[in-house]
Amino acid sequence: MPSRDIEMVKGPSAERKCSQNATIMSQQQLSARTATYSRKTNETDIEVSLTLDSDPTSSSQHIEISTGIGFLDHMYHTLAKHGGMSLQLKCKGDLWIDDHHTAD
């Protein structure tokens, strides 16, 4: 029966694989990348909470958007869902004047 030797892979593709594995390991060891921000002006009152590392296929992803502008809500929801982020965004703006302050 012939012996089976393990072949060592050398070269750029092997280095890339090692680098990718190290990146994945280091990302798992990092704490969650989150931010919370609130701001109140004469035109808007905004509260945002963002978590970048949420799994879109699990219940850990939480998306709640309320801006008063339907299309803007839809776009933020789509960005968070497909970007694998959790996003809570509440914005009260002077929509009776114009929606540009809220959209900004």
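Visitor: How many salt bridges does the count come to by the rule used here?

Guide: Good place to start! This is a predicted model, where local features need pLDDT of at least 70 and side-chain atom pairs count only at pLDDT 80 or more, while totals for chains, interfaces and linings use all residues. Residues are numbered from 1 along each chain as its sequence is written, and side-chain values use heavy atoms, leaving out hydrogens and water. A salt bridge requires a side-chain nitrogen of Lys or Arg within 4 Å of a carboxyl oxygen of Asp or Glu, and by this rule the count comes to one.

Visitor: Which side chains meet in that salt bridge?

Guide: The N to O distance of the pair is 2.7 Å. One partner sits in the loop between β2 (44-51) and β3 (63-66), the other in the loop between α1 (12-29) and β1 (34-40), 20 residues apart. The two side chains belong to Asp53 and Arg33.

Visitor: Is Asp53 buried, partly exposed or exposed?

Guide: Buried means under 20% relative accessible area, exposed over 50%, and partly exposed in between (1.4 Å probe, protein chains only). The relative accessible area of Asp53 is 45%, so Asp53 is partly exposed.

That leaves its partner. Arg33, at 46%, is likewise described as partly exposed, which brings us back to Asp53: partly exposed.

Visitor: In what order do the elements of the protein chain run?

Guide: Helices (H or I, at least four residues) and strands (E, at least two) are DSSP runs, numbered from the N terminus. The protein chain has three helices and four strands. From the N terminus on, the order is α-β-β-β-α-β-α.

Visitor: How far does helix α2 reach from its first C-alpha to its last?

Guide: Helix α2 spans residues 70-83, which makes 14 residues. The expected span is 1.5 Å times one less than the number of residues, and for α2 this gives 20 Å. The model comes close to that, with a reach of 20 Å.

Visitor: Within what arc do the buried residues of α2 fall?

Guide: The buried residues of α2 are Leu72, Asp73 and Ala80. Look down the helix axis and take the directions from the axis to the C-beta atoms. The buried residues line one face of the helix, because they fall within an arc of 105°.

Visitor: Which exposed residues does the face of α2 turned away from its buried side carry?

Guide: On the buried side, the cover includes β3, β4 (86-93) and α3 (100-103). The face turned away from that side carries the exposed residues Gly70, Phe71 and His82.

Visitor: Which residues does Asp73 touch, not counting those up to four places away in sequence?

Guide: Asp73 has its place in helix α2 and counts as buried at 18% relative accessibility. A contact means heavy atoms within 4.5 Å. With residues up to four places away not counted, Asp73 touches Ile65, Ser66, Thr67 and Gly68.

Visitor: How many bridges join β2 to β4?

Guide: Two strands pair if DSSP finds at least two bridges between them. β2 and β4 run antiparallel, and Leu50 has Leu87 in β4 as its bridge partner. The number of bridges joining β2 to β4 is eight.

Visitor: In what sense do β3 and β4 pair, parallel or antiparallel?

Guide: Glu64 stands opposite Gln88 in β4. The pairing of β3 and β4 extends over four bridges, and its sense is parallel.
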